[in-house]
Amino acid sequence: MLERLALIVLGMLVVTSCSGEAADTTDIGDLPSIDAAGFEAHLAALERPAVVNVWASWCLPCRSEAPLLAEAHAIHGDRIEFIGVDVEDSQAGAKEFLAEFGLMFDQFFDERRSIPNFYGGFGTPITMFFAPHGELVRIHNGVVDERSLALNIDELIQLSS
Amino acid sequence: MEFTLLWAVLTAVALGWVGLRIWDERLPEDPFDLLIGAALVALVVGRLTAMVSQGVSPITNPGDIIVIRGGVHTGAAAITFLTALLWKTREDRTALDALAPAILLALAGWHAGCLWRDACLGAPSDLPWAWALPGSTVNRHPVEIYAAIGLALGGWLVASLPWRIWLRAGSALVVASGVRLLTETMRPSITGGPTRWYVAGMIAGVILVIAGPRLIRSRSRAPT
């Protein structure tokens with residue numbers, strides 16, 4: 001029984017590993033650097049609520065939530081501002097990550113991690129939810145699951161309607 | 001944050017254990033180990049399937065497998081759980097029926113575990129028992145509590161059914177899928193939720209209830 005299950009799982013792993021082509025990063029420019037003060041001013045100028053995802057290319061859990069964020073942006077991008085903040089990372093790593101997951105929303109580079117420190121988040125990833133003009137509504141430390149993301153996005157929509 | 005998920009899992013395990021104590025008629029040997037083993041295999045397969053469907057290769061990103069919060073494919077996990085149970089109890093035709101009420105109670109525990117995770121709420125509601133997220137003024141359905149109550153009542157209902165091959169197992173599948181399907185409309189979702197899997201689960205459950213005895217009999221008559 002166990003041997004068969006192990007074979008099935010191994011088979012799945014082998015099959016799924018056949019799509020491992022390196023992502024093309026030629027169309028992606030360097031991410032603009034920003035600090036906490038600059039980011040706060042950026043959010044204050046926004047008329048729409050915002051979902052801010054703090055990530056890094058070396059962060060394993062960030063990879064797990066990236067497809068969900070891409071999907072959420074595709075669905076709610078017209079009503080909610082999606083912003084990525086790459087922390088403690090390299091520009092090359094950031095570009096590869098963005099190319100791999102196709103995150104087509106605004107991205108900033110925060111090498112010294114000043115933004116999550118300013119808002120009180122810990123660890124990576126972090127997802128922060130802001131009302132229009134940058135009022136912090138909620139911080140979700142760790143991987144955001146679909147239900148939490150959907151609920152908090154709905155909360156932003158309800159609060160700003 | 002991740003530890004809150006662990007508390008929810010422990011709540012499910014605890015209620016499953018209670019279910020096996022309450023409804024202990026005709027149980028197979030080591031029923032608790034059986035359920036835990038099948039659930040673990042289902043979790044791994046469900047997680048791998050979710051990763052593949054998200055375009056993340058488990059070979060190049062093996063560390064992602066343990067990031068359960070990144071998503072577990074409901075359909076793949078449910079099918080694996082039932083297949084593993086069927087395989088392990090293949091000599092005992094009433095095992096699935098005997099385990100069914102406890103499985104429903106364990107599922108109720110998983111949903112009630114939302115209280116640890118602060119993740120019980122769904123769509124906005126004006127009903128008197130609706131409550132709001134901390135710091136919010138928007139009251140919402142405690143949808144996971146609805147699901148927990150529905151599944152616990154379902155467990156009690158299934159346990160009161162008469163003994164007939166796969167009647168309890170099929171009914172439990174209908175109850176589990178039906179409760180999830182009914183409450184799904186109250187859950188905010190990005191992907192729309194695994195609604196098709198719930199419908200498929202209900203249909204499979206009805207087929208088991210209606211055709212289960214015939215399937216068993218035809219298998220018994222087949223030459224070996």
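In the predicted model, strand β1 (residues 50-55) of chain A runs antiparallel to strand β4 (residues 126-131) of chain A, and the two are joined by five bridges. Within this pairing, V52(A) has M128(A) of β4(A) as its bridge partner.

β1(A) also pairs with strand β2 (residues 81-87) of chain A, here in the parallel sense and over six bridges. In this second pairing, N53(A) is found opposite G84(A) of β2(A). Together with helix α3 (residues 60-76) of chain A, the strands β1(A) and β2(A) form a β-α-β unit, which is right-handed.

Because six of the six residues of β1(A) are buried, the strand is largely enclosed by the rest of the structure.

The contact between the two chains was considered next. It involves 33 residues of chain A and 32 residues of chain B. On the side of chain B that touches chain A, the most is given by helix α2 (residues 31-53) of chain B, with four residues. Sorted by class, this side of chain B comprises 17 nonpolar residues, 11 polar residues and four charged residues.

Key
Residues are numbered from 1 along each chain as its sequence is written. Chains are lettered from A and ligands numbered from 1 in the order in which they are written. This is a predicted model: local features need pLDDT of at least 70, side-chain atom pairs count only at pLDDT 80 or more; totals for chains, interfaces and linings use all residues. Two residues are in contact if their C-beta atoms, placed from the backbone, lie within 7 Å. Ala, Val, Leu, Ile, Met, Phe, Trp, Tyr, Cys and Pro count as nonpolar, Asp, Glu, Lys and Arg as charged, and the others, Gly among them, as polar. A residue is buried if 20 or more other C-beta atoms lie within 10 Å of its own, exposed if 12 or fewer, and partly exposed in between; C-beta atoms are placed from the backbone. Two strands pair if DSSP finds at least two bridges between them. A crossover is right-handed if, with the strands pointing away from the viewer, the path from the first strand over the helix to the second runs clockwise.
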